[in-house]
Amino acid sequence: MGNKGAVAARLAWVLDSGDETQTVPLTFVGAHLAPAEDAFERRNEDWRGIVERLVFEGPSSNHEDSERAALLGSGEGEGEGEGEEGVFTAGYLFLAGDLNYRTSNTLPQPADFARFPALDADASSPLHYSRLLRDDQLTREREKARCFHGLSEAPISFPPTYKYKLGARDPRQWKFVRERWPSWCDRILYSSPPGGQATVTLYRYDALPVFPTSDHRAVALAAAVAATDVQQQQQQQQQPTAPFSIDRDWKRKRDEARRKELVVGGLAYLGLTWEGRRILVGMVIGGLGAWIVLRSMFSI
């Protein structure tokens, strides 16, 4: 996934009904997908990479076998071992983050700025954000079953979350930059356990205020989940099917990516931080001093 990626956490919701105890998995994925207007296919591939290679320790796995459970487990059970569970078992999945889907496949031209939505426009105005929402890449790709298979999203009733000018501290100062199409990059999607009625009750889906140090508006979802249908699904042993099988080579690819992260992170630390630059200068001075000492020794 390049310099982007995803992380996941799973919580166990324990329900005590007196005679027996039920456990409902709640899995949360935070993702940052590929940028740029024309990179929607790369973003779709990022989603596939999450399904195939994002792994974490199963609740009953031992320490040596940790991180072998595929996050969105294979429909054929590949890669799963004892104590390892995929997300699509009998629980809920929430995916959130800068998914980076845009409202155009190309960069805006100077004349396009006149079509940018106005944050204070009335719903009947041609500059209301709902006109631009019709071109949302994420909605288009999801409806064509190219990404986020089995996930849903609450209706969007807020302006684009990207890309704002930095430094604004008052809503009247919120302005879109001219170099990017205003887009709903920041999203929250969810899935309910299959085989029952809808068990996620939505209350609110909205964007937070702009932070002066960010060109995004974060989004938040208020929802409630029910346990009744989950228990029925567990009793009926209904297993959801992941859209892609687990990558048999996921462990090697993950280890390789981590090694690259260490190299890139180390170079970034040395070149982009004051502490790293001090270390780099010290290394250069130390190396130069060692060279002078060795040269003087051999010249003698």
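Y164 counts as buried because its relative accessibility is 1%, buried meaning under 20% relative accessible area, exposed over 50% and partly exposed in between (1.4 Å probe, protein chains only). The model is predicted, so to speak of local features takes a pLDDT of at least 70, side-chain atom pairs count only at pLDDT 80 or more, and totals for chains, interfaces and linings use all residues. Residues are numbered from 1 along each chain as its sequence is written, and side-chain values use heavy atoms, with hydrogens and water left out.

Now for the overall layout. The protein chain has six helices and eight strands, where helices (H or I, at least four residues) and strands (E, at least two) are DSSP runs numbered from the N terminus. Along the sequence they follow the pattern β-β-α-β-β-β-α-α-β-β-β-α-α-α. Of the 300 residues, 38% count as buried. With a contact taken as heavy atoms within 4.5 Å, 66% of the contacts between residues at least 6 apart in sequence join residues at least 24 apart.

Helix 1 takes up residues 40-53, 14 residues in total, and its first and last C-alpha atoms are 20 Å apart, close to the expected 20 Å. That expected span is 1.5 Å times one less than the number of residues. Its buried residues include F40, R43, W47 and I50. What do the buried residues of helix 1 pack against? Their partners are strand 1 (5-16), strand 2 (21-32), strand 5 (92-98), helix 3 (137-143) and helix 5 (250-272).

Next come the nonpolar cores, that is, sets of buried Ala, Val, Leu, Ile, Met, Phe, Trp, Tyr and Cys residues joined through side-chain atoms within 4.5 Å. The largest one has 19 residues, and W47, L95 and L99 are among those with the most contacts inside it. Strand 2, helix 1 and strand 5 each give this core at least two residues, and helix 1 supplies the largest share, four residues. A second, separate core of 17 residues includes A154, Y164, A168 and Y205. As for L99, its contacts include A31, L33, R43 and F148, leaving aside residues up to four places away in sequence.

Aromatic rings make up the last part of the picture. Rings of Phe, Tyr and Trp (its six-membered ring) pair if their centres lie within 6.5 Å; planes under 30 degrees apart count as stacked, over 60 as edge-to-face and the rest as tilted. The count by this rule is nine aromatic pairs. One of them joins F116 and W181, tilted, with 5.4 Å between centres and 45 degrees between planes. This pair links distant parts of the chain, 65 residues apart: F116 is in the loop between strand 5 and helix 2 (129-133), W181 in the loop between helix 3 and strand 6 (186-191). F116 counts as buried at 6% relative accessibility, and W181 does at 5%. Y164 and F176 also form a tilted pair, because their centres are 4.7 Å apart and their planes at 35 degrees. Elsewhere, ring pairs join F28, F94 and Y190 into a cluster.
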